[in-house]
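I opened the notebook for a new chain today. My plan is to go from the overall layout down to single residues.

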Amino acid sequence: MRHIISILMENEAGALSRVAGLFSARAYNIESLTVAPTEDPSLSRMTIVTTGSEEIIEQITKQLNKLVDVVKLMDLTEGEHIERELAMVKLNTNGRYREEFKRLADIFRGNIIDVTDSTYTVELTGTDEKIDAFIKAIDSQYILEVVRTGVSGIARGERRLSL
């Protein structure tokens, strides 16, 4: 099962390496990982997407809680949450599909953020399913490059990750 683990951690050199090392040493896979400072410059928020049984996820969270850099963590998938991913997709627009790609970007509520004579770069924000659907809707021969941020998530309502 897919889980989104949100971690509040000290914003110090080596903290990311220790978390990644924990996953690597135990042969757990990280599907995506994002890290950025929070409103408190001494803390960063890391969001990890991983898969595993309930027992494996429980083991991961126990091990993460033992790391000295980890202040607090939350499995967002245990409650209502919002998740988003950003993707930029560069498309070859030579030929007859230029208008079709513009229409598809509009349908998926994407923004064309760069235009040249032969390319569009489309910015998309949404769930990973939405981004996957956009990419699948375009013939792969027209996709020049895809850059994805990985999932960021936040709990809904009063539930929050804070000190």
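In what order do the elements of the protein run from the N terminus on? I read off β-α-β-β-α-β-β-α-β-β-α-β-β. That comes to 4 helices and 9 strands. I note at once that this is a predicted model.

**Entry 1: overall layout**

I took the extent along the principal axes. The C-alpha atoms fill a box of roughly 55 × 35 × 30 Å. The protein has 163 residues, and 39% of them count as buried. Next I looked at the range of the contacts. I kept contacts between residues at least 6 apart in sequence, and 74% of these join residues at least 24 apart.

**Entry 2: helix 1 against helix 2**

I then turned to a helix pair. Helix 1 covers residues 15-25 and helix 2 covers residues 54-66. Their axes lie 11 Å apart, and the packing angle is about 145°. I checked the hand of this crossing, and helix 1 and helix 2 cross right-handed. Which residues make the contact? From helix 1, I list Val19, Leu22 and Phe23. From helix 2, I list Ile60, Gln63 and Leu64. Sorted by class, the residues of this contact give 5 nonpolar, 1 polar and no charged.

**Entry 3: the largest pocket**

I searched for open space next. A probe the size of a water molecule, rolled over the atoms, shows where empty space is left. The largest pocket has a volume of about 320 Å³. How many residues line the largest pocket? I count 18, and those nearest its centre are Leu8, Thr38, Glu39, Arg45 and Leu161. Strand 2 gives the most, with 4 residues. By class, I find 8 nonpolar, 6 polar and 4 charged residues in the lining of the largest pocket.

**Entry 4: Phe101**

Phe101 sits in helix 3, which spans residues 98-107. Is Phe101 buried or exposed? Its relative accessible area is 4%, so Phe101 counts as buried, the cut-off for buried being under 20%. I looked up its neighbours, leaving out residues up to four places away in sequence. Phe101 touches Leu91, Asn92, Thr93, Tyr120, Ile138 and Tyr142. I also took one C-alpha distance. Leu91 and Phe101 are 10 residues apart along the chain, and their C-alpha atoms are separated by 8.2 Å.

**Entry 5: positive phi**

I finished with the backbone. Most residues other than glycine have a negative phi. I noted two residues with a positive value.

Ala27 has phi near 60° and is not a glycine. Where is Ala27 found? I place Ala27 in the loop between helix 1 and strand 2. Ala27 has a relative accessible area of 71%, so it counts as exposed; the cut-off there is over 50%.

Arg109 is my second case. Its phi is positive, at about 55°, although Arg109 is not a glycine. Arg109 is found in the loop between helix 3 and strand 6 (111-115).

Conventions: Residues are numbered from 1 along each chain as its sequence is written. This is a predicted model: local features need pLDDT of at least 70, side-chain atom pairs count only at pLDDT 80 or more; totals for chains, interfaces and linings use all residues. Side-chain values use heavy atoms; hydrogens and water are left out. Axes are lines fitted to C-alpha atoms, for helices over the stretch in contact, and angles run from 0 to 180 degrees between N-to-C directions. A crossing is left-handed if the near helix is turned anticlockwise from the far one by less than a right angle, and right-handed if clockwise. Contact means heavy atoms within 4.5 Å. Ala, Val, Leu, Ile, Met, Phe, Trp, Tyr, Cys and Pro count as nonpolar, Asp, Glu, Lys and Arg as charged, and the others, Gly among them, as polar. On a 1 Å grid over the protein atoms alone, a cavity is a set of points where a 1.4 Å probe fits but cannot get out, and a pocket is an open set with protein on both sides within 12 Å along at least five of seven lines; lining residues have an atom within 4 Å of a point. Grid points are joined across faces, edges and corners, and a volume is the space filled by probe spheres set on the points. Buried means under 20% relative accessible area, exposed over 50%, partly exposed in between (1.4 Å probe, protein chains only).
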